[in-house]
Amino acid sequence: MFVTEVFARYAMAYREQPLSEAVLHHAKRAVIDWYASLFPGLSTESVRVLERTLAEDLDHGLARLALGRPATARAAALINGTAAHAAEVDDSFREAMYHPGAATVAAALAAAQLVRADGLQFLRAVVLGYEVSTRIGVAMGRAHYKFWHSTGTVGTFGATAAAASLLQLDEIQFAHALATAGTFAAGLQQAFRKETTSKPLHAGRAAEAGLLAAQLACNGMRSTLDVFEAEAGLGQAMSTGPDWSQIGATLGLDFHITRLTFKNHIGCGHTFPAIDGALELQRLHDFGHQDIEQVHVSTYKPALDIASHVQPSTADEARFSLNYVVATALVHGSVRLSAYERDRLEDPATLDLMRRVEAVVDPLLDAAFPGRRSARVEIVLRDGRRLTHLQPDRKGDPELPLSDEELGSKLIELAAPTLGAPAAQALLARLWSLDTLETLP
């Protein structure tokens, strides 16, 4: 069987498989985190440009944008998926080096609105999208992540599987939907190595492409079913010939959606172990930023490749600057949305400390990537003390998870500025009850 057929056969069996309360609970957590990521992205330039450009697809249609504006399903998937990735606060699955929620949930929501699905059907589609796409991401591996932005590439398959579930594609249609998605998958890492507003589009386009692939298959479109493993297929073109032989081995047994990382800071997740380590040293030893002579960070190579801006001048660059986020955490105690406002980007104390942050690759920590995201932080104080801390995981990783209360607080914090606190609280309550709702929020 081809990879597409393995997933299609599982999707048919999955329809008859009851989900445990634990899996449903984790699915709700994923959706809550998606909404938390969505609202701060609405005001970004990427989303504003999309709404202007897609004006003819708005104010009609069966789907909706975040604040209720009607839209065609594909436009809603594209805009909502972009917004959910734009503020850099969306979830991730470490082993796949991939943010699954932005595209998968956006496509699932648009498809669910299109067919008027209930909350449980929506949640089940989200779970399927996560399980299919994360396995593809794991198989494609680090060689894929060297050049490709997995949220755009792998995310296309999460969106496809979720939409195909809601459109109730049969086994053959499902396989062809994934095969078609294989020719849509795209997103280069170079898009965020320099100043850009197009990075969030990778998630939005993945959501739109996945929905379109499922719709096309539903209406008879066919594609080559060996798109993953063939000589000119995805594995060869975008990786180094991954092993697909065990792609479905744990489907239905090991639910990846139960092992997500939810961001506890705002910015590039590769910087988070360094942030956590620096804050832990500050907590343990009670020093201020003015007491610091030097900060040394040792971490894994992709953290330095991606969070590479040593002297950021814009908010987008600052989100991908290990030097900046570590310095701002030590000066201000946290890295929240306010960290990227103009007055904070120009804060003299942060800029001064940022210049005294040095980062290098630690071969042992790099060897543990992507399964572990670690950093060793050494802070040299002006009184001569050298303080060192190894941060093996990030707050929000499965080993140090956000509690349900912390996750709910994240939604309230990020949605309240747009919705108001009462409406944000009401949304959170509805999301925790999704599996019982006849209509979606």
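This is a predicted model: local features need pLDDT of at least 70, side-chain atom pairs count only at pLDDT 80 or more; totals for chains, interfaces and linings use all residues.
Me: How many bridges join strand S3 to S5, and in which sense do the two strands run?

Reply: Strands are counted as paired once at least two bridges are found between them. Here seven bridges join S3 (residues 292-299) to S5, the two running antiparallel, and His-296 stands opposite Glu-378 of S5. S5 also pairs with S6 (residues 386-391) in the antiparallel sense over six bridges, where Ile-379 has Leu-387 as its bridge partner. S5 and S6 form a hairpin with four residues between them, and Gly-384 in the turn has a positive phi of about 100°.

Me: Is strand S5 largely enclosed or open?

Reply: A residue is called buried when its relative accessible area is under 20%. Five of the seven residues of S5 (residues 375-381) are buried, so this strand is largely enclosed by the rest of the structure. Helix H14 (residues 322-332) is mostly covered, with 10 of its 11 residues buried, among them Tyr-324 and Leu-330; just after H14, Gly-333 takes a positive phi of about 90°.

Me: How many aromatic pairs does a search of the whole structure find?

Reply: The search finds nine aromatic pairs. In one of them, the ring centres of Tyr-145 and Phe-369 are 6.4 Å apart and the planes lie at 35°, so the pair is tilted. This pair links distant parts of the chain, Tyr-145 in helix H6 and Phe-369 in the loop between helix H17 and S5, 224 residues apart, and both residues are buried.

Conventions:
Residues are numbered from 1 along each chain as its sequence is written. Side-chain values use heavy atoms; hydrogens and water are left out. Buried means under 20% relative accessible area, exposed over 50%, partly exposed in between (1.4 Å probe, protein chains only). Rings of Phe, Tyr and Trp (its six-membered ring) pair if their centres lie within 6.5 Å; planes under 30 degrees apart count as stacked, over 60 as edge-to-face and the rest as tilted.
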